[in-house]
Amino acid sequence: MAKKISLREFQETLVKRLTTAQQGQTTHAALGVQAGREYWLLDLTESGEIIPTPPLSHVPLTQPWFRGLANIRGSLYSVVDFAAFQGGEPTPASAESRLLRVGARLGLNSAILVTRALGLRNMDEFEPADRKDESRPWVGDAFVDLQGRPWNKLLVRNLVMQPRFLDVGI
């Protein structure tokens, strides 16, 4: 249930946010998602719409990580299980799993299936971390949150342009 706040609290918060915006002190936010056991941050300019997982149509003779096609408002989107694509366990169907539309800015009707969406994250609450040797070209900078949890920045363009991402057939 949503937290109830008084009108006074709402107005004070709104005034504070407007004052901050006018002074040019906007906070940088990123979209947080979980895919398998990994936590990811996406730049808002690269992320697309997040929707509950609709029914998916299975496509034969495709990779195990290709979950099928989704009809989203009359358009077909290919759906890639992001955790399985990276070699992890397949994402179970649950009330928390979501589709994140990616590739719209590049003219691709693609979506990735994630374990859950974690909402907007204030990047001021993250510390840069040392990046491990990383062979996945879609992994950007590494961060650690206030709870010590590791996060990676998802480079959407690098992901959707991977030949393996684009070639789902076996």
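Start with an open sheet of six strands, in the order 9-1-2-12-11-10 and with mixed pairing. Strands here are DSSP runs of E with at least two residues, helices are runs of H or I with at least four, and both are numbered from the N terminus; two strands pair if DSSP finds at least two bridges between them. Select 116–122 and 127–129: these are strand 9 and strand 10, the edge strands, and each pairs on one side only. Neighbouring strands of this sheet are turned against each other by 35 degrees on average, direction ignored (axes are lines fitted to C-alpha atoms, for helices over the stretch in contact, with angles from 0 to 180 degrees between N-to-C directions).

A word on what you're looking at: this is a predicted model, where local features need pLDDT of at least 70 and side-chain atom pairs count only at pLDDT 80 or more, while totals for chains, interfaces and linings use all residues. Residues are numbered from 1 along each chain as its sequence is written, and side-chain values use heavy atoms, with hydrogens and water left out.

Click on Pro128 and look across to strand 11, where Phe143 stands opposite.

**Stop two: the largest pocket**

Which residues lie nearest the centre of the largest pocket? Select Glu38, Lys132, Pro150, Trp151 and Asn152, out of 15 lining residues. Strand 2 (38–43), strand 11 and strand 12 (150–154) each give two or more residues to that lining. The space inside is about 250 Å³. (A pocket is an open set of points on a 1 Å grid over the protein atoms alone, where a 1.4 Å probe fits, with protein on both sides within 12 Å along at least five of seven lines; lining residues have an atom within 4 Å of a point. The volume is the space filled by probe spheres set on the points, which are joined across faces, edges and corners.)

Follow strand 5 on to strand 6 (75–81): the two pair antiparallel over six bridges. Ile72 stands opposite Ser75. Two residues sit between the strands of this hairpin, and Arg73 takes a positive phi near 50 degrees.

**Last stop: Ser110**

Select Ser110, in strand 8 (110–114). Is Ser110 buried or exposed? Its relative accessibility is 6%, so Ser110 counts as buried (under 20% relative accessible area, using a 1.4 Å probe and protein chains only). Leaving aside neighbours within four places in sequence, its contacts (heavy atoms within 4.5 Å) include Tyr77, Leu100 and Phe165.

Conventions. Buried < 20%, exposed > 50% of the residue type's maximum accessible area, 1.4 Å probe, protein only.
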